Amino acid sequence: MSEERFGEFVLVRRHDYVAELVLDRPKAMNAVSTDMARSIAGACAALAADRDARVVVLTSSHERAFCVGADLKERNSFSDADLVRQRPVARGAYTGVLELPMPTIAAVHGFALGGGFELALSCDVIVADRTAVVGLPEVSVGVIPGGGGTQLLPRRVGAARAAELIFTARRLEAPEAAELGLVDRLVDEGRDREEALELASRMAGNSPVGLRAAKRALRLGHGLDLRAGLEVEDAAWRSVAFSADRAEGVAAFNEKRPPHWPGE
């Protein structure tokens with residue numbers, strides 16, 4: 001296992017073809033400062049360009065929190081001009097995770113609030129342990145979810161449910177979050193990272209070309225009418241149908257052996 005640090009607060013660990021993106025600002029419960037946002041975006045840019053990274057798992061080094069959201073202590077010192085300048089940096093962190101071309105899994109325990117929950121929502125799958133507490137409380141401090149929450153949450157749970165959760169600013173404990181679909185897999189306390197890495201390893205055994213194309217079809221097709229969505233799927237299929245991965249996958253199946261993916 002190798003490690004690479006991006007700035008002071010973000011760490012990337014490699015587990016074969018799985019990359020673990022670690023939020024590592026434990027003294028602030030991973031509150032996202034300007035520097036940390038810049039580091040998240042930088043790590044995501046590096047991972048997006050890495051053909052050996054087939055799946056990314058987003059984890060936390062803090063025992064009691066995934067991420068408590070934006071660094072409000074830092075924000076409290078901002079002038080209006082500071083806030084305007086910081087906005088694209090903050091957005092870069094959330095869009096960095098959201099636009100990763102490979103499958104992404106968030107491993108959530110403890111608090112995942114505001115921007116912290118938005119980082120999880122930016123992933124394809126959320127694994128949470130029973131200590132998880134999630135929510136988008138931004139309206140309680142005079143703003144709105146600005147890391148994708150108003151768009152990503154309704155895509156998970158529907159418009160009315162998302163409205164109720166955002167307008168009340170309430171926090172949900174893990175069982176209710178799982179019941180309502182805010183998280184996808186509920187696991188025993190302390191097992192979120194292990195379960196997420198295990199799931200990622202299972203995904204990473206598949207074709208990296210296929211994984212990226214399937215994600216592209218899922219993302220681009222969402223919200224389109226069926227006919228348009230099927231055209232998106234067809235374009236994604238054509239991008240893999242003549243690939244070296246497809247040839248290897250078919251050959252391996254017929255020869256009854258594990259595939260050795262060229263990744264192209």
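## Salt bridges, a pocket and a buried cysteine

Glu195 is buried, with 17% relative accessible area, since the cut-off for buried is under 20%. Keep in mind that this is a predicted model. Even so, the side chain of Glu195 has a partner: Glu195 and Arg191 meet in a salt bridge, 3.0 Å from N to O. Arg191 comes out as partly exposed, at 27% relative accessibility.

Searching the whole structure turns up 19 salt bridges. Side chains of opposite charge can pair when their charged atoms come close. Here are some of the pairs, with their N to O distances.

| Pair | N to O distance |
|---|---|
| Arg85 and Asp82 | 2.6 Å |
| Arg170 and Glu176 | 2.9 Å |
| Arg191 and Glu195 | 3.0 Å |

Take Arg85 and Asp82. Both sit in helix α3, three residues apart, which is about one turn of the helix. How exposed is Arg85? Its relative accessible area is 54%, so Arg85 counts as exposed. Asp82 is partly exposed, at 25%. In the Arg170 and Glu176 pair, Arg170 is partly exposed with 27% relative accessible area, and Glu176 is also partly exposed, with 29%. There's a network of salt bridges to look at too, linking Glu3, Arg13, Glu20 and Arg193.

Now for the pocket. The largest pocket holds about 920 Å³ of space. Its lining is made up of 33 residues, and those nearest the centre are Ala70, Leu72, Arg75, Val141 and Val143. Which helix gives the largest share of the lining? That's α3, with six residues. Helices α2, α3 (80-98) and α4 (115-121) each put at least two residues into the lining.

Leu72 is worth a click while you're there. Leu72 belongs to helix α2, which covers residues 72-76. Together with Val141 and Val143, Leu72 makes a nonpolar patch on the surface, with about 270 Å² of accessible area between them. These three residues are also among those nearest the centre of the largest pocket.

Last stop, Cys67. You'll find Cys67 in strand β5, residues 65-67. Is Cys67 buried or exposed? With 0% relative accessibility, Cys67 is buried. Leaving aside residues up to four places away in sequence, Cys67 touches Leu23, Met29, Asn30, Val32, Phe111, Ala112, Leu113, Gly116 and Leu119. As for Ile40, 27 residues away along the chain, its C-alpha atom is 13 Å from the C-alpha atom of Cys67.

Conventions. Residues are numbered from 1 along each chain as its sequence is written. This is a predicted model: local features need pLDDT of at least 70, side-chain atom pairs count only at pLDDT 80 or more; totals for chains, interfaces and linings use all residues. Side-chain values use heavy atoms; hydrogens and water are left out. Helices (H or I, at least four residues) and strands (E, at least two) are DSSP runs, numbered from the N terminus. Buried means under 20% relative accessible area, exposed over 50%, partly exposed in between (1.4 Å probe, protein chains only). Contact means heavy atoms within 4.5 Å. Patches are made of residues with over 30% relative accessible area and no salt bridge: like charges are joined within 9 Å, nonpolar side chains (Val, Leu, Ile, Met, Phe, Trp, Tyr) within 5 Å. Accessible areas come from the Shrake-Rupley method with a 1.4 Å probe; for residues, only the protein chains shown count as cover. A salt bridge is a side-chain nitrogen of Lys or Arg within 4 Å of a carboxyl oxygen of Asp or Glu. On a 1 Å grid over the protein atoms alone, a cavity is a set of points where a 1.4 Å probe fits but cannot get out, and a pocket is an open set with protein on both sides within 12 Å along at least five of seven lines; lining residues have an atom within 4 Å of a point. Grid points are joined across faces, edges and corners, and a volume is the space filled by probe spheres set on the points.
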